[in-house]
Structure formats: C-alpha cells, structure tokens
Amino acid sequence: MKTYNPFSLDGKTILVTGASSGIGRATAIECSKLGARVVITGRNEERLAETYSQLEGDGHMQIVADLCKQEDIDRLVAETPSLNGLVNNAGQNSLVTINYVEQADLDKVYQTNVFAPILLTKGLLKKRKIAKGGSIVFTSSISASLSTPANSIYASSKAAIDSFMRTCAVELGGRGIRANAVLPGTIETTLGIGAIPDELIVKDKELYALRRYGKPEEVAHSIIYLLSDAAAWVTGTSLVIDGGRLLK
C-alpha cells in the first residue's frame, strides 16, 4: 500500500538555480528525495557536480550556466525539459554603506538577484516550458522588510523580486501556474553567515526568537511545500522563514 504524502514531488520535474551550494543545493537534494526529477544549474561546474552526485533517483540533469549572461539563459531554456516547478534561488550580496555605493555594486547584485530570475522566468514561459499547474518559487529574504546598515543593495533587490513574484501570481493564475516566495532570515551558508563578522554572530543570534540561525534544509522544506500539490491553492504568498527574527 502506497503511503499518502501530499508533499510528494513524484513525477514532477523541477529546475533549481544556484544549486551548487547553500539553499539551492539543499533544495535540489531534498526534491530528489521526494521523487522529483531535478534539473540543477549554477556557474561553478565542480560544485554543481558535487550537488549532482548527492541527488537520489534517476533522470536528473546538470547544466552549467551563468545567468548574468543572456546567451546562457537562452541555452538553459533551450536545454531544459518541460517543468512542473522552477526555483529561482541564485543570489548575490554586497555590503556597502549608501555613501559608498557604486554602479558596479548595483550591477553585480541586481543582475543576479533581479534581472536573471525575471529573464529566466520570461524565457521559460515564452517557450511554454512551465506546465499548467506548475509552481514558481523565488528566494527572497526578510531583508526586503528589515533595515540593517550597509545592506541597502541586497535588501532592495530582494524587495524587487518579492514584488515581481506577486505580479507573476496575478498574470499566470489563469494558466494555472502559481508563484510564491520564501523569505529566510540568516541561514548557515557562505552567503548568509559570510555577511556577518564573527564577533557579531553571537549577539545577532539573540535577535532570533529561537536563538539560532536556520539550516538550508529548513528553507528547502518550505520551498518543497510551495512546489507540491499541498500548496495547490497558494499563490502570491511571501512565506517568512526566520526563526522569529521579525518579531523583535
């Protein structure tokens, strides 16, 4: 007798960007454990291969691509099979106070965090690569609504992609395609903890109700919920996963 599991991804094909590390890697691995065929992409061929080696099941694909390059987006769209889910996860950070913001800082962060997921989503939709009933999940951040020094570029980029998600939900609802976002607090990844000086980490954790940072798998499980049929009536939602950080 088959076990009932509304969170199963059995029979679904999921594309995960930024899958070479952190939340993207954890999401790809956890999706494969729940039966999905996973297509992973990232810029670093070696680290992407490490993720691929940890996937469970068969039929997975790895496509090395730099989503800051339109030609790589076009190639990824062309090589990607029909999808039931898209996880726009690749991210970039830059800590700089407002007085020292340079165009190069804006270009680096916005190209990865905003322009790339918008253009990839557009490309997949135009080529009808996202099936009816599909789900698009964007990785945003609680930084979109939390003011911290030197974080204006990253925070505003995440606010932008959260807003884009809501427009996707409205425009794509008639095609049965859902769009949602996850908004993590600080996660134990290079991108997450790497942005905080070691001497401030202990103090910073005290701002979290659960007194700790999150794990990549904990965000992955929330992404899986939004990809699964358990969330079939959930769209346009910004799901906060922050261990209680925004409560303070």
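Visitor: What volume does the largest cavity have?
Guide: Keep in mind that this is a predicted model, where local features need pLDDT of at least 70, side-chain atom pairs count only at pLDDT 80 or more, and totals for chains, interfaces and linings use all residues. A cavity here is a set of points, on a 1 Å grid over the protein atoms alone, where a 1.4 Å probe fits but cannot get out. Its volume is the space filled by probe spheres set on the points, which are joined across faces, edges and corners. For the largest cavity, that comes to about 80 Å³.

Visitor: Which element gives the largest share of its lining?
Guide: Residues are numbered from 1 along each chain as its sequence is written, and side-chain values use heavy atoms, with hydrogens and water left out. Lining residues have an atom within 4 Å of a point, and there are 13 of them, with Asn88, Asn89, Ala90, Thr112 and Pro117 nearest the centre. Two or more residues each come from α4, β5 and α5 (152-172). The largest share, four residues, comes from α4.

Visitor: At roughly what angle do α3 and α4 cross?
Guide: Helices are DSSP runs of H or I with at least four residues, and strands are E runs of at least two, numbered from the N terminus. Axes are lines fitted to C-alpha atoms, for helices over the stretch in contact, and angles run from 0 to 180 degrees between N-to-C directions. The axes of α3 (residues 70-79) and α4 (residues 103-126) come within 10 Å and cross at roughly 35°.

Visitor: And which residues of α4 make that contact?
Guide: Contact means heavy atoms within 4.5 Å. On the α3 side, Gln70, Ile73, Leu76 and Val77 take part. On the α4 side, look for Ala116, Leu119, Leu120, Gly123 and Leu124.

Visitor: Which strands sit at the edges of the sheet?
Guide: Two strands pair if DSSP finds at least two bridges between them. Seven strands form this open, parallel sheet, in the order β3-β2-β1-β4-β5-β6-β7. Each edge strand pairs on one side only, and these are β3 (61-64) and β7 (238-241).

Visitor: Which residue in β7 stands opposite valine 182?
Guide: Strand β6 (residues 178-184) runs parallel to β7, and four bridges join them. Opposite valine 182 you'll find leucine 239.

Visitor: Which strands does α4 lie across?
Guide: This helix runs at about 170° to β4. The strands that α4 lies across are β1 (13-16), β4 (83-88) and β5 (130-139).

Definitions and conventions
On a 1 Å grid over the protein atoms alone, a cavity is a set of points where a 1.4 Å probe fits but cannot get out, and a pocket is an open set with protein on both sides within 12 Å along at least five of seven lines; lining residues have an atom within 4 Å of a point.
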